[in-house]
Amino acid sequence: VLPVYLLFALGFLAVPFPLTGRRWRDRPALWATSALALPAFFFPVYRAVVAAWGKGWIGALPVAMAAVSVAALVVVTRRFPAASDPLSRALRLRYHALYASVALGFLALAVPLQLDRQWITVGWAALAAAVCWLFGRLPHPGLKYLATALFAAVGVRLLLNLDVFRYQP
C-alpha cells in the first residue's frame, strides 16, 4: 500500500506545476494543497513504513519528505522569478515561505521520531535557529511564529521537564 500512498501524495504535490497562465499563479488554495499534500499523507505513509521496516530509521522518512518539499521549492522558485510588480513579489514570498515551512516542519518532526532525551531539545533549538536564519532571508511573518513556537517548545522542555536532570548523571 505504500507505493499507492506515495503516488497520491506526489500527485497532489505536483498538481499546480504543469498549469500555466496567470490565472493559476494567484490561487492560494491550489498552492497550499500542493505544499500540504505531503503532511496530509504523512501518517498513512508513516504507518506503512513502520509496518514494513520498523522504527530503526524512521527519522529518514520525514527527512526524505523534507527533501521532496525542497525540490518543490526549487520548482516554485523557477515558476515565480523575482519580479518588480508587488503581486509577483508577494506571491513569491508566500509560496517560498509555505514550501520552506513544510520542509522545516518535517525536519522538526524527524528529531523526536529518531532521537530521544536531550537530543530532542538540542535538535529543536538548532532548527529554531535555522528558521530564524530563514526569516532573515524570507521575511514572512509565519516563519517568525514557527521559530517562536520552536523556541517555546525548547523552553518548555528545559524548564518544565524534570527528566532533564536524569538524562546524564
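Modeller: First, a term: the bend at a residue is the angle between axes fitted to the seven residues ending there and the seven starting there. Helices are DSSP runs (H or I, at least four residues), numbered from the N terminus. This is a predicted model, where local features need pLDDT of at least 70, side-chain atom pairs count only at pLDDT 80 or more, and totals for chains, interfaces and linings use all residues. Residues are numbered from 1 along each chain as its sequence is written, and side-chain values use heavy atoms, leaving out hydrogens and water.

Now helix 4, residues 37–53. A kink of about 40° lies at F43, shortly before the proline P44. Just after the helix, G54 takes a positive phi of about 85°.

Take helix 5, residues 60–79. Helix 4 packs against helix 5 at an angle of about 145°, with the axes 11 Å apart. Such axes are lines fitted to C-alpha atoms over the stretch in contact, and angles run from 0 to 180 degrees between N-to-C directions. Contact means heavy atoms within 4.5 Å. Helix 4 brings L38, F42, V45, Y46 and V49; helix 5 brings L61, P62, M65, V68 and S69.

Helix 6 (residues 86–114) holds L113. Leaving aside neighbours within four places in sequence, L113 is in contact with F42, Y46, I58 and P62.

Note on methods: Helix = DSSP H or I, 4+ residues; strand = E, 2+ residues; numbered from the N terminus.
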